[in-house]
Amino acid sequence: MNLIPAPLSLTRPAGAGRYDLTADTALGSAPGAEPVAAWLRAELGAATGLPLLPGPGGLRLTLDPGLAAEGYRLVVDADGVRLDGGSPAGLFWGAQTLRQLLGPQAYRRAAIAADAWSLPHLTIEDAPRFGWRGLLLDVARHFLPKADVLRYVDLAAAHKLNVLHLHLTDDQGWRVEIKRYPRLAEVGSWRERSMVGYRDGNRRDDRPHGGFYTQDDLREIVAYAAARHITVVPEIDIPGHSQAAIAAHPELGNVDVVDTAALATFTDWGVNPNVLNVEDATLRFYEHVLEEVLELFPSTFVHLGGDECPKEQWRASAAAQARIKELGLADEDELQSWFLRHFDRWLAARGRRLIGWDEILEGGLAPGAAVSSWRGYEGGIAAARAGHDVVMCPEQHVYLDHRESARPDEPIPVGFVRTLEDVYRYEPVPPELRQDAAAAGHVIGTQANVWTEFMDDARSVDYHAFPRLAAFAEVAWSELPREPEARDFADFAERMTEHYARLDALGVEYRHPAGPRP
Ligand code: TNX
């Protein structure tokens with residue numbers, strides 16, 4: 001069956017037969033199940049050429065509130081196909097399973113006339129391990145056009161991932177149109193050149209790079225994702241990683257320390273000293289930005305970054321030091337904490353929740369905040385023990401910009417070597433938390449992060465994200481042994497042979513398992 005991610009249970013009696021789909025097969029849906037039926041009809045219709053018209057018999061989609069919210073039950077026998085979902089989301093994940101069962105060609109955009117379509121008789125009961133199964137796309141370092149983002153929504157959905165974290169702002173680019181401050185996108189979305197060298201020093205491409213999403217684009221992305229049961233979580237990174245915003249609005253920077261009017265959108269990678277100032281006007285400015293962001297993104301969580309904020313400028317700035325004194329704070333870490341707490345309260349007052357990188361623990365975590373634990377597990381462990389929700393995304397395991405082998409011909413050999421097998425053996429809940437059920441319960445999920453410093457188009461994102469995202473998806477969805485060494489990688493690798501054919505049919509330019517140049 002070669003399902004990825006593996007379902008909770010699958011039973012197929014010995015000698016079980018198959019159910020054929022023909023031009024006469026109907027696809028019916030009970031109330032509440034119509035949108036998933038329509039999605040399935042459209043996707044399978046394109047790939048198979050079968051009309052799968054509404055009607056009784058054949059395939060039947062219904063909701064069964066007795067199932068887990070994102071769970072589903074799929075029964076295929078001589079009478080046809082019954083797919084029940086605990087919710088429309090559960091039904092949708094079940095529909096993704098059904099599609100995998102039809103074979104790799106079910107992912108094509110156009111039918112191959114000669115193919116016959118059938119499903120094996122079986123029963124599958126399934127539900128996800130984690131409620132947050134995320135993929136971060138860094139569209140700030142390199143802009144990804146809307147069509148590529150929509151394609152990634154479909155690829156995430158095919159792997160039963162349900163959160164798309166869009167890293168929309170950084171030193172090197174501001175990618176979201178803000179009507180009140182048009183310069184953010186006009187100025188902040190462009191940079192003069194990019195660093196492209198990794199092996200060969202600081203080589204630059206010497207060509208401008210840019211692009212941003214209009215508010216209509218973002219509404220379209222959010223709606224497209226929602227129809228696929230994926231929540232888009234926006235990230236507006238503050239108070240560090242903000243040079244693009246400062247280039248557009250110099251008054252946001254530490255004007256008593258640097259000539260911010262001379263700053264342009266950053267053209268290097270790495271951590272940048274040009275951070276936001278802590279004036280009231282800057283708080284108001286970002287409230288205005290976030291008002292528009294909340295309009296566009298209905299997600300409960302809003303990511304405000306908080307990572308890698310160097311404190312030199314605050315140490316040197318009389319204005320920042322006056323703020324520290326006025327508030328009775330101990331140091332610059334507490335100043336950053338104060339800054340983020342302001343937005344924690346601001347979001348909470350609007351029914352939203354702040355999530356930030358684990359640096360937001362330094363100087364005290366805002367009461368309702370959740371943490372994306374990226375510098376290993378430690379931040380996530382501390383936050384979970386303190387009762388905060390955590391999304392585990394430790395860089396040594398699930399940073400998909402990092403290289404997949406130590407081979408000298410590996411393109412863009414960033415970071416740690418993380419093979420497909422390493423990702424498969426990644427466990428989001430570390431042993432320290434497993435003994436503490438309450439704390440472990442605060443690990444609401446896990447996320448794979450694709451940082452794009454060295455990926456200037458969707459083809460290179462494909463190369464880095466796949467096939468490792470398939471292993472990650474199984475870690476996030478399936479009930480695997482918690483001990484990394486107890487996981488059956490050979491079985492996963494075996495199932496991957498069919499999955500590569502699915503990715504081929506989807507047009508994904510994954511890294512070939514034999515290496516970059518097989
Ligand atoms: C660290 S993860 C970063 C990113 C980089 C990434 C490169 C995080 C919060 N900060 O800004 O893109 O490493 O691997």
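**A friendly walk through the model**

Visitor: Where is proline 5 found?
Guide: A word on the model before the place: it is predicted, and local features need pLDDT of at least 70, side-chain atom pairs count only at pLDDT 80 or more, while totals for chains, interfaces and linings use all residues. Residues are numbered from 1 along each chain as its sequence is written. Helices (H or I, at least four residues) and strands (E, at least two) are DSSP runs, numbered from the N terminus. With that numbering, proline 5 sits in the segment before strand S1 (9-11).

Visitor: What is omega for the bond that joins isoleucine 4 and proline 5?
Guide: Most peptide bonds are trans. The bond between isoleucine 4 and proline 5 is cis, and its omega is about 0°.

Visitor: Which residue is joined to proline 467 by a cis peptide bond?
Guide: Look in the loop between helix H16 (458-465) and helix H17 (468-477), where proline 467 is found. The cis bond there has an omega of about 10°, and the partner of proline 467 is phenylalanine 466.

Visitor: What is phi of asparagine 2 near?
Guide: Asparagine 2 is also in the segment before S1. Most residues other than glycine have a negative phi. Asparagine 2 has a positive phi instead, near 55°.

Visitor: Which helix gives the largest share of the side of domain 1 that touches domain 2?
Guide: Two residues are in contact if their C-beta atoms, placed from the backbone, lie within 7 Å. Eight residues of domain 1 are in contact with ten residues of domain 2. On the domain 1 side, the largest share is five residues, and they come from helix H2 (residues 88-101).

Visitor: Is H1 roughly parallel or roughly antiparallel to H2?
Guide: Axes are lines fitted to C-alpha atoms, for helices over the stretch in contact, and angles run from 0 to 180 degrees between N-to-C directions. Helix H1 (residues 34-48) and H2 pack at an angle of about 20°, with their axes 9 Å apart. Angles under 35 degrees count as roughly parallel, over 145 as roughly antiparallel, 65 to 115 as roughly perpendicular and the rest as oblique. H1 and H2 are therefore roughly parallel.

Visitor: Which residues of H2 make the contact with H1?
Guide: From H1 come Pro35, Val36, Trp39, Leu40, Glu43 and Leu44. Facing them on H2 are Pro88, Leu91, Phe92, Ala95 and Arg99.

Visitor: How many charged residues does the shell around the ligand have?
Guide: A residue is near a molecule if its C-beta atom, placed from the backbone, lies within 6 Å of it. The residues around the ligand are Asp307, Glu308, Trp357, Trp374, Tyr399, Asp401, Gly415, Trp451 and Glu453. Ala, Val, Leu, Ile, Met, Phe, Trp, Tyr, Cys and Pro count as nonpolar, Asp, Glu, Lys and Arg as charged, and the others, Gly among them, as polar. By class, the shell has four nonpolar residues and one polar, and its charged residues number four.
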